[in-house]
Amino acid sequence: MKIISINAGSSSLKFSLINMDDESVIASGVFERIGIDGSYTIKFNGEKHKEEVTLNNHVDAVNILLDKLISLNIVKSLEEIEGVGHRVVQGKDLFDKTVLVDDEVMEKLESIKHFAPLHNPANMLGIEAFKKALPNVPNTVVFDTAFHQTMDAVEYMYPVPYEWYEKYGIRKYGAHGTSHRYITETVSEILGTDKLKLISCHIGNGASITAVKDGKCVDTSMGFTPLAGVMMGTRSGDIDSSLLPPVMEAENKDINEIINDLNKKSGVLGLSGISSDMRDLEDAYNEGNERAILTMNKYVRRITDYIAQYYVLLGGSDVIVFTAGVGENSPLIRKLVCENLACLGVEIDDEKNNIRGKQAEISTENSKIKVYVIPTDEELMIARDTLELIK
Ligand code: ADP
């Protein structure tokens, strides 16, 4: 059985075609610059197929994708595709799990789209495009927020006027839930139990840390939006919001411009003035660049703070997992974070830690908390959910 995982952005559409018999990726790729001009890249059989094409909208992208699946001999017939799973960024408190798309689901999505104005409408365009192109194939929606719906009010409420929650839905929703759920399930498989206190660190360009107890999310570092929590590639993470008015006044910026600065010009990029990419920061850090050293220390400090906070919240921890671009590929960040956690009995083995993009236990035998690197796989999680629902 073949399932497509879709991640539609405002001007892009990424896909993975997965063979669910062995969970292997048959083909994957991205359609870019939708609504501008258009191009695609499709990876299949170790080859990359690239072409410039006109993509007026997401429907064009989906139609070309389906044509290419046939013309590149990736599938013989579109009937081989038995389900399409769509990533949706924000499900608010209306969705606590993956669901099959029907009219009611589309109405609910419509009602909450202003909560993620850059993402949800784009995700919905992807769904509409597949409904049109493959009308007989079931679609599912997999939410970034769903895994975090098990948080208690004491975790998800902000200490602001209660009416903001009642009237406007202001609360913590979190993100990266599909990744944290994948990590939770993979750790349970490795250790043979889900009765675990797990701290899952998804550290990519965007980053979030989640505390999980017995397979359920207890708290997570992102907030009402993905701007909150740890420091990220270009996002500030937690800050004091009253620092904004003086900057807005001095730079003559409105609230949207300043929020854009916090999302796109802050974090590693903003503090270092070098790059948002951890590889560049590591190079400058190793060369002794002072701003790079400050940035690295702040980055590692923020991650440590959240892990320490969740250690207390969970009443201890059995496992810490590093995943996503930085978590999977940076022995240095993992080492610096774990050194900061030495007082909790965390100890990693430098040799075992010297890996990139591979699953491994990197803690020593003496470590009181097991530390793992596990490559995340959100596309597979989306496909697994879809399979489960269409069975
Ligand atoms: P996104 O949030 O966009 O999904 P990813 O999880 O793909 O991000 O992470 C991308 C980031 O991973 C890059 O910006 C870079 O900082 C980091 N990264 C990738 N490879 C390495 C590496 N070898 N060493 C350190 N950092 C890396």
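Is V247 buried, partly exposed or exposed? V247 is partly exposed, at a relative accessible area of 33% (buried is under 20%, exposed over 50%, partly exposed in between, using a 1.4 Å probe and protein chains only).

A quick note before the views. This is a predicted model, where local features need pLDDT of at least 70, side-chain atom pairs count only at pLDDT 80 or more, and totals for chains, interfaces and linings use all residues. Residues are numbered from 1 along each chain as its sequence is written, and side-chain values use heavy atoms, with hydrogens and water left out.

**View 1. V247 and its helix.** V247 sits in helix α7, residues 244–251 (helices are DSSP runs of H or I with at least four residues, strands are runs of E with at least two, both numbered from the N terminus). Look across to Y299: V247 and Y299 are 52 residues apart in sequence, and their C-alpha atoms are 23 Å apart in space.

**View 2. The shell around the ligand.** The ligand is surrounded by 13 residues, the closest being N205, G206, D277, M278 and G325 (a residue is near if one of its heavy atoms lies within 4 Å). Sorted by type, the shell has three nonpolar, six polar and four charged residues (Ala, Val, Leu, Ile, Met, Phe, Trp, Tyr, Cys and Pro count as nonpolar, Asp, Glu, Lys and Arg as charged, the others, Gly among them, as polar). The largest share, four residues, comes from α12.

**View 3. Polar atoms facing the ligand.** Here we zoom in on N and O pairs within 3.5 Å, the cut-off for a polar contact. A polar side-chain atom of D277 is 3.5 Å from a ligand oxygen, while a polar backbone atom of N205 is 3.1 Å from an oxygen of the ligand. Over at N329, a polar backbone atom lies 3.4 Å from a ligand nitrogen. On its own the ligand exposes 580 Å², and the protein buries 68% of that (areas by the Shrake-Rupley method with a 1.4 Å probe). Two elements give two or more residues to the shell: α10 (278–286) and α12 (324–329).

**View 4. The two domains.** Domain 1 covers 2–143 and domain 2 covers 192–378 (bounds from an automatic or database domain assignment). Taken over C-alpha atoms, their centres are 29 Å apart. Buried residues account for 52% of the chain's 391 residues.

How values were computed:
Polar contact = N/O pair within 3.5 Å; in protein donor to acceptor, adjacent residues only side chain to side chain.
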